[in-house]
Amino acid sequence: MGVVVYEQREVRRARYAVAAVFAVHGAVTGSFATRVPWIQDHAGVSAGQLGLALAFPAIGASLAMPLAGRISHRFGARTALRGLISLWTLALVLPSLSPNLWTLCFALFVYGSSAGMADVAMNALGVEVENRIGKSIMSGLHGMWSVGALVGSAAGTLAAHLGSDARLHHGLAAATLTLLGLVACQWVLDLRPTEDEEPPPRFALPPKSALLIGAVGFCAVFAEGAALDWSAVYLRDQLEASAGLAAACTTGFMLTMAVARLAGDAVVNRFGAVRTVRVSGVLAVLGGVLIVVSDQPAVAMGGFALMGLGIAVVVPLCFAAAGRSGPNASLAIAGVATITYTSGLIAPSAIGGLAELTSLAVSFGLVTALACGLVAFAGVLRTSDRDRPRVTRTDAAVLDPKP
């Protein structure tokens, strides 16, 4: 096995490159989300049928994510990410081309499958860069995803305001984001397996370590999905806030998460992942309590902001811990991603179902109870004595194995 020496500046360049890939990935999500009403009208589906179709991205992602490790093993990390991120950006055009429910379900299945595989590949590379730099960067990478999602949603909002056809909008967005993704991939680490390394299985159950770490991610993503989909409804129906104020609550929650993720690495590097998640869990629980007991919109908005602050860094740290939990980073990350995607899939419907039987306040009581799990089980994110990313070299060079 040969050895190629990467200077620190080259590893830093790889960090910025993978950050750009995260932003591109998020921009696709933001671009799609803002045009869902247009897609619904074009496909001629009811609200209930749209809800059914919107389950297919998570189904596709959960089934396809384990394949990402095998693809990376076969083609190398850089080539695999180049292909998977391009598949994801180009898949953006499919939903807007769908004329009916069944084609929409299929389009969203492909859309979700490509999203999940690209997600695993870029997180695996992010963990590798983090290990080589020797300090936490995963929170910032996910912060860049949030920034990309905000930029994509802003462009989509403008396109919708101008009344543009989503097929044209998504076609232009897909072409632009594909180009940006391909350019960024030129500088990510080109990791390759050793000659005697066995390829990961096409499909496999998540390892035990991924299940425990995924349980922490499940709690955070459940709260995120509940807040994103129901915060505006909570303010409007529970507290009789105006439509504008209700929408501002959701936007504020997203901005809080983005800012917290961008700033989160400094906190993790200072205090470690376990203490950071425990304190974050306390903030999320306090936010949930404010939401449940509030009788004023401003108090509830503060609660949602606190919840966003509390859960922002949890999923990035779960991916980082999974990538260092065993010999096959991609398989562990895929396991954690599958669990978190599942949480995001069931959270909105679970909140709605419980609210139908009781009230939205009770539903967010459940969210608050799950947030307690962040405090109780943060210890599973401990992957070293110092609870920090491992460093293999302390001088100016970092080693990158190649066949």
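Accessible areas come from the Shrake-Rupley method with a 1.4 Å probe. On that basis, the accessible surface of the protein comes to about 16,900 Å². Carbon and sulfur atoms account for 66% of this surface. The model is predicted.

The protein has 403 residues, and 51% of them count as buried. Its secondary structure consists of 17 helices and two strands. Among contacts between residues at least 6 apart in sequence, 86% join residues at least 24 apart.

In soluble globular proteins, nonpolar side chains tend to be buried together. Here, the largest nonpolar core contains 107 residues. Seven of its members touch the most other members: Leu81, Tyr234, Leu235, Phe304, Ile311, Val367 and Leu374. Helix α8, residues 101–133, supplies the largest share of this core, with 15 residues. With neighbours within four places in sequence left aside, Leu81 is in contact with Ala118, Ala121, Met122 and Leu125, among others. Val21, Cys185 and Val188 are also on the list of Leu81 contacts.

The largest pocket holds about 2,000 Å³ of space. Its lining is made up of 50 residues. Closest to the centre of the pocket are Thr29, Trp145, Glu224, Leu228 and Asp229. By type, the lining divides into 29 nonpolar, 17 polar and four charged residues.

Two further residues were considered individually, Thr276 and Ser72. Thr276 lies in helix α13, which spans residues 273–293. Thr276 counts as buried because its relative accessibility is 7%, and the cut-off for buried is under 20%.

Ser72 is found in helix α5, which covers residues 67–75. Ser72 has a relative accessible area of 14%, so this residue is buried as well. Leaving aside neighbours within four places in sequence, Ser72 is in contact with Ala77 and Ala80. Ser72 was also compared in position with Asp190, which is 118 residues away along the chain. The C-alpha atoms of Ser72 and Asp190 are separated by 10.0 Å.

Conventions
Residues are numbered from 1 along each chain as its sequence is written. This is a predicted model: local features need pLDDT of at least 70, side-chain atom pairs count only at pLDDT 80 or more; totals for chains, interfaces and linings use all residues. Side-chain values use heavy atoms; hydrogens and water are left out. A nonpolar core is a set of buried Ala, Val, Leu, Ile, Met, Phe, Trp, Tyr and Cys residues joined through side-chain atoms within 4.5 Å. Buried means under 20% relative accessible area, exposed over 50%, partly exposed in between (1.4 Å probe, protein chains only). Helices (H or I, at least four residues) and strands (E, at least two) are DSSP runs, numbered from the N terminus. Contact means heavy atoms within 4.5 Å. On a 1 Å grid over the protein atoms alone, a cavity is a set of points where a 1.4 Å probe fits but cannot get out, and a pocket is an open set with protein on both sides within 12 Å along at least five of seven lines; lining residues have an atom within 4 Å of a point. Grid points are joined across faces, edges and corners, and a volume is the space filled by probe spheres set on the points. Ala, Val, Leu, Ile, Met, Phe, Trp, Tyr, Cys and Pro count as nonpolar, Asp, Glu, Lys and Arg as charged, and the others, Gly among them, as polar.
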